[in-house]
Amino acid sequence: MIQKNSPLPIYYQLEEGIKEAIQQQELIPGEMIPSEREYAEKYGISRMTVRQALSNLVNDGYLYRQRGKGTFVAHQKIEQPLQGLTSFSEDMRSRGLEPSTRVISFTEVEASHDLAAKLEVEAGALLFELKRVRLADQLPMAYEMLYISKELAQGLTKEIAVNSIYDYVENKLGLKIQHGRQVLEASIARKTEAEMLEVAEGAPVLLIERRTTLDTNKPFELVRSVYRADRYKFTIDMERL
């Protein structure tokens with residue numbers, strides 16, 4: 001792996017060797033890699049050189065560190081195009097991953113002025129408020145807070161919310177979901193979000209607010225989601241006008 005006579009820096013050679021081991025599945029997600037000392041002794045290089053290589057791989061998302069435990073292989077980020085309107089369950093299944101949901105709470109709340117304006121209902125109108133963690137292959141991906149008019153989503157229950165709400169709305173209620181608008185922001189995980197996503201408080205996250213409308217132009221839902229930045233990335237294709 002290491003050629004000391006190569007013009008390539010040693011730390012770079014080590015980086016590329018570890019990347020290749022991950023790509024060839026010699027190192028698998030969640031597996032702890034050798035320590036700095038072990039790499040240094042194996043290749044006869046300094047620990048500082050090893051530390052630089054590992055730090056670069058952590059920054060690039062290939063590895064992650066757990067204080068007091070070691071350095072581990074990171075799970076590959078899920079790439080989500082920003083074109084098209086699909087549910088979380090549909091996205092995960094299209095990638096060969098098994099989606100699941102952990103419902104935190106399912107209650108009725110009165111619409112605040114902000115929610116009322118976005119959902120085009122009267123302030124104080126009854127809404128379903130759903131808080132849930134979305135998982136892929138049992139790994140937490142997102143923490144969602146979802147609001148739907150009770151009048152619009154008759155019969156919605158906590159049991160239904162465990163699965164795909166889009167499937168219920170379109171196939172059971174006969175409504176057609178037509179359009180969605182998303183706003184993305186970078187942020188850091190607050191205490192509750194960190195607990196739900198199983199990350200450290202202050203870890204980087206992606207905040208997404210999506211308003212979905214029906215084919216009648218009636219707003220259907222407002223979803224505020226917090227995505228793990230180490231497991232999710234969004235892409236968009238652009239053309240020069």
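Is Y64 buried, partly exposed or exposed, and what is its relative accessibility? In this predicted model, Y64 counts as partly exposed because its relative accessibility is 25%, which falls between the 20% and 50% cut-offs.

**The chain as a whole**

The chain holds eight helices and 10 strands. With a radius of gyration of 22 Å, it sits well over the 18 Å that the globule rule gives for 241 residues, so the chain is more spread out than a compact globule. The chain is divided into domain 1, residues 10–73, and domain 2, residues 78–235. Their C-alpha centres lie 36 Å apart.

Buried residues make up 39% of the 241 residues. Among contacts with a separation of 6 or more, 57% join residues 24 or more positions apart. The accessible surface of the chain comes to about 14200 Å², and carbon and sulfur atoms account for 47% of that surface.

**Aromatic pairs**

How many aromatic pairs does the chain have? The count comes to four. One of them joins Y64 and F72, whose rings are stacked, with 5.6 Å from centre to centre and 20° between the planes.

Another pair brings together Y166 and F220 in an edge-to-face arrangement, 6.5 Å centre to centre with 65° between the planes. This pair links distant parts of the chain: Y166 belongs to helix α7 (residues 165–171), F220 belongs to strand β9 (residues 219–228), and the two are 54 residues apart. Why does Y166 count as buried? Its relative accessibility is 8%, and buried means under 20%. F220 is buried as well, with a relative accessible area of 1%.

The table sets out the residues discussed here, along with A186.

| Residue | Relative accessibility | Class |
|---|---|---|
| Y166 | 8% | buried |
| F220 | 1% | buried |
| A186 | 71% | exposed |

**A residue on the outside**

Where is A186 found? A186 is in strand β7, which covers residues 177–188. A186 counts as exposed because its relative accessibility is 71%, and exposed means over 50%. A186 and R228 are 42 residues apart in sequence, and their C-alpha atoms are 11 Å apart in space.

How values were computed: Residues are numbered from 1 along each chain as its sequence is written. This is a predicted model: local features need pLDDT of at least 70, side-chain atom pairs count only at pLDDT 80 or more; totals for chains, interfaces and linings use all residues. Side-chain values use heavy atoms; hydrogens and water are left out. Rings of Phe, Tyr and Trp (its six-membered ring) pair if their centres lie within 6.5 Å; planes under 30 degrees apart count as stacked, over 60 as edge-to-face and the rest as tilted. Buried means under 20% relative accessible area, exposed over 50%, partly exposed in between (1.4 Å probe, protein chains only). Helices (H or I, at least four residues) and strands (E, at least two) are DSSP runs, numbered from the N terminus. Domain bounds come from an automatic or database domain assignment. The radius of gyration is taken over C-alpha atoms; the globule rule is 2.2 Å times the number of residues to the power 0.38. Contact means heavy atoms within 4.5 Å. Accessible areas come from the Shrake-Rupley method with a 1.4 Å probe; for residues, only the protein chains shown count as cover.
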